[in-house]
Amino acid sequence: MSPIHDQTYRHYEGHREPPGKTWSVIAWAGIRNMLTKRAFLGLLIFAWVPFVVRAVQFYFAANYPQFAQIIAPTAATFRDFVSQQGLFAFFITIYVGAGLIANDRRANALQIYLSKPISRTEYIVGKLATLLFFLLGVTLLPCVLLLLLQVSFAANIDILRAHTFLPASIVLSTLLMSLVMSCTMLALSSLSNSPRYVAILYTGAIFFTSAIFGFLTAITGGTRMAWIAITSNVGQVTDVLFRQPPSYDSPWQISLIVLLALLALSVSVLERRVKGVEVVS
């Protein structure tokens with residue numbers, strides 16, 4: 001028989017995270033998991049193709065006067081770039097976000113998460129940070145780099161003098177888009193244990209509201225009902241942030257209220273659906 005070693009009490013010698021930082025462990029675990037998937041890495045690389053195209057455009061505009069009047073970057077250029085990246089953000093939201101909570105519900109992992117010293121808020125913030133990391137990585141990051149490239153290529157800050165609001169517009173517009181997408185997806189993910197079903201729900205919410213708006217536009221001949229469509233609301237507020245003419249007749253204030261209401265509804269759903277099960281011994 002093998003000897004039985006004495007296992008007396010020993011103090012824990014590992015690293016202890018201070019309270020309130022457990023969300024970062026959840027976030028980084030989710031990020032690392034997504035970065036191991038080749039298909040997703042391909043999507044991320046493809047999402048940066050418009051950045052390369054715009055960078056070439058900025059280079060020619062800064063170094064060849066004959067192109068400057070045609071393709072010189074303006075506030076509208078950055079606004080259009082944010083809008084273009086919205087398509088990639090849509091696919092990333094589905095790929096990353098659909099299973100963030102649904103997979104934990106399917107594996108009954110919520111009870112394990114919330115039975116540890118992890119609060120519901122920390123759990124939700126960790127999942128939200130995972131999705132925001134990738135969304136801002138294809139919206140905010142390339143847009144900021146484009147602005148820096150323009151300053152570098154032109155060897156001046158004329159674009160910032162002409163558009164002093166541009167840095168704030170870039171940050172606020174991409175953050176708004178990413179938060180609306182992330183919170184909506186997480187709320188839907190908390191309603192089911194099937195990532196595929198969640199992806200269908202999210203896609204349906206985006207396209208169904210846009211279809212209703214298109215139908216009403218065809219009937220009324222105007223775009224005052226743009227606030228019905230989620231994407232139209234984001235676009236309308238983005239236009240205002242970049243000080244561009246609004247794309248629709250609907251007041252941008254209504255679009256902002258609708259987006260804030262959607263965020264509040266998403267938070268309410270998460271608060272109700274994300275909870276552990278009390279285990280009675």
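This is a predicted model: local features need pLDDT of at least 70, side-chain atom pairs count only at pLDDT 80 or more; totals for chains, interfaces and linings use all residues.
Residues are numbered from 1 along each chain as its sequence is written. Local features need pLDDT of at least 70 and side-chain atom pairs pLDDT 80 or more, while totals for chains, interfaces and linings use all residues, and side-chain values use heavy atoms, with hydrogens and water left out.

**Exercise 1.** Find the pocket with the largest volume and say what lines it.

*Solution.* Start with the term: on a 1 Å grid over the protein atoms alone, a pocket is an open set of points where a 1.4 Å probe fits, with protein on both sides within 12 Å along at least five of seven lines; lining residues have an atom within 4 Å of a point. Next, the size: the largest pocket has a volume of about 420 Å³, meaning the space filled by probe spheres set on the points. Now look around its centre, where Ser-83, Gly-86, Met-181, Thr-231 and Val-234 lie nearest among 21 lining residues. Two or more residues each come from α5 (75–97), α11 (166–189), α12 (195–220) and α13 (230–241); helices here are DSSP runs (H or I, at least four residues), numbered from the N terminus.

**Exercise 2.** Work out which helix gives the largest share of the second largest pocket's lining.

*Solution.* First, find the spot: Asn-33, Met-34, Gly-99, Leu-100 and Asn-103 lie nearest the centre, out of 15 lining residues. Then check the suppliers of at least two residues each: α1 (22–35), α5, α6 (102–106) and α8 (120–138).
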